[in-house]
Amino acid sequence: MSEHSGGGLAAQLRALRERADEDYASPPGVKLSGRHQLDLAELGLRIAVTRSRYPNRDDGIDQYAVTLTRTRLDQAPADSEVRIVLAAAFGDAAADAVERTAGGPLVRMFRVPAG
């Protein structure tokens with residue numbers, strides 16, 4: 001991956017996270033399809049990011065839910081790809097990401113603290 005494409009990748013992922021932040025702060029009346037999803041052709045990945053409290057109540061922990069799949073759904077994303085995506089989208093908070101196991105064999109799901 002070139003340095004230029006890495007910058008574009010990071011900007012795209014930050015914009016995806018910012019949309020999740022906007023909807024968390026002020027949920028839209030109408031849900032817009034694809035607003036929280038991004039296909040990264042250069043990595044062959046589809047990333048979805050939402051922000052909410054877990055559990056979903058006032059005293060829940062403010063965090064992001066991140067789902068990564070391969071666009072071809074042929075195998076789960078590799079650890080190296082996950083690290084690239086989480087670091088680009090969340091910076092230092094990526095180190096605090098916790099993988100969830102409920103996604104199935106082709107899906108990788110993470111919770112990342114919002115902060």
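Residues are numbered from 1 along each chain as its sequence is written, and side-chain values use heavy atoms, with hydrogens and water left out. Because the model is predicted, local features need pLDDT of at least 70 and side-chain atom pairs count only at pLDDT 80 or more, whereas totals for chains, interfaces and linings use all residues.

The largest nonpolar core has 24 residues, and those with the most contacts inside it are Leu13, Ile47, Val66 and Phe90. A nonpolar core is here a set of buried Ala, Val, Leu, Ile, Met, Phe, Trp, Tyr and Cys residues joined through side-chain atoms within 4.5 Å; buried means under 20% relative accessible area, exposed over 50%, and partly exposed in between, with a 1.4 Å probe and protein chains only. At least two residues of this core are supplied by each of helix H1 (3–25), strand E1 (37–40), strand E2 (45–54), E3, H2 and strand E5 (107–113), and the largest share, six residues, comes from H2. The helices (H or I, at least four residues) and strands (E, at least two) are DSSP runs, numbered from the N terminus.

Leu13, which lies in helix H1, is buried, with a relative accessible area of 1%. When its neighbours within four places in sequence are left aside, Leu13 is in contact (heavy atoms within 4.5 Å) with Leu38, Leu40, Ile47, Val85, Ala88 and Ala89. Leu13 and Ala48, although 35 residues apart in sequence, are 9.8 Å apart in space, C-alpha to C-alpha. For Val66, with neighbours within four places in sequence again left aside, the contacts are Ile47, Ala48, Val49, Leu86, Phe90, Arg108, Met109, Phe110 and Val112.

Val49, one of the residues in contact with Val66, has its place in strand E2 and is buried, with a relative accessible area of 2%. Not counting residues up to four places away in sequence, Val49 touches Leu16, Arg17, Ala20, His36, Tyr64, Ala65, Val66 and Phe90. The C-alpha atoms of Val49 and Met109, which are 60 residues apart along the chain, are separated by 10.0 Å.

The structure holds one aromatic pair. This pair is formed by Tyr64 and Phe90 and is tilted, with 4.9 Å centre to centre and 55 degrees between the planes. Tyr64 lies in strand E3 (residues 61–70) and Phe90 in helix H2 (residues 79–90), so the pair ties together parts that are 26 residues apart in sequence. Both Tyr64 and Phe90 are buried. By the criterion applied, rings of Phe, Tyr and Trp (its six-membered ring) pair if their centres lie within 6.5 Å, and planes under 30 degrees apart count as stacked, over 60 as edge-to-face and the rest as tilted.

A further ring is involved in a contact with a charge: the charged end of Arg111 sits over the ring of Tyr54, 3.6 Å from its centre. Such an arrangement is assigned if NZ of Lys or CZ of Arg is within 6 Å of the ring centre and within 35 degrees of the ring normal. Tyr54 is also joined to Pro55 by a cis peptide bond, with omega about -5 degrees, and Pro55 lies in the loop between E2 and E3.

About 160 Å³ of space lies in the largest pocket, whose lining consists of Ala20, Asp23, Tyr24, Pro27, Pro28, Lys31, Leu32, Arg35, His36, Thr50 and Arg51. The elements that give two or more residues to this lining are H1 and E2, and the largest share, three residues, comes from H1. On a 1 Å grid over the protein atoms alone, a pocket is an open set of points where a 1.4 Å probe fits, with protein on both sides within 12 Å along at least five of seven lines, and lining residues have an atom within 4 Å of a point. Grid points are joined across faces, edges and corners, and the volume is the space filled by probe spheres set on the points.

Asp62, found in strand E3, is buried, with a relative accessible area of 17%. Its contacts, apart from neighbours within four places in sequence, are Tyr24, Arg51, Ser52, Arg53, Pro113 and Ala114. In the loop between E3 and H2, where Leu73 has its place, phi of Leu73 is near 50 degrees, a positive value in a residue other than glycine.
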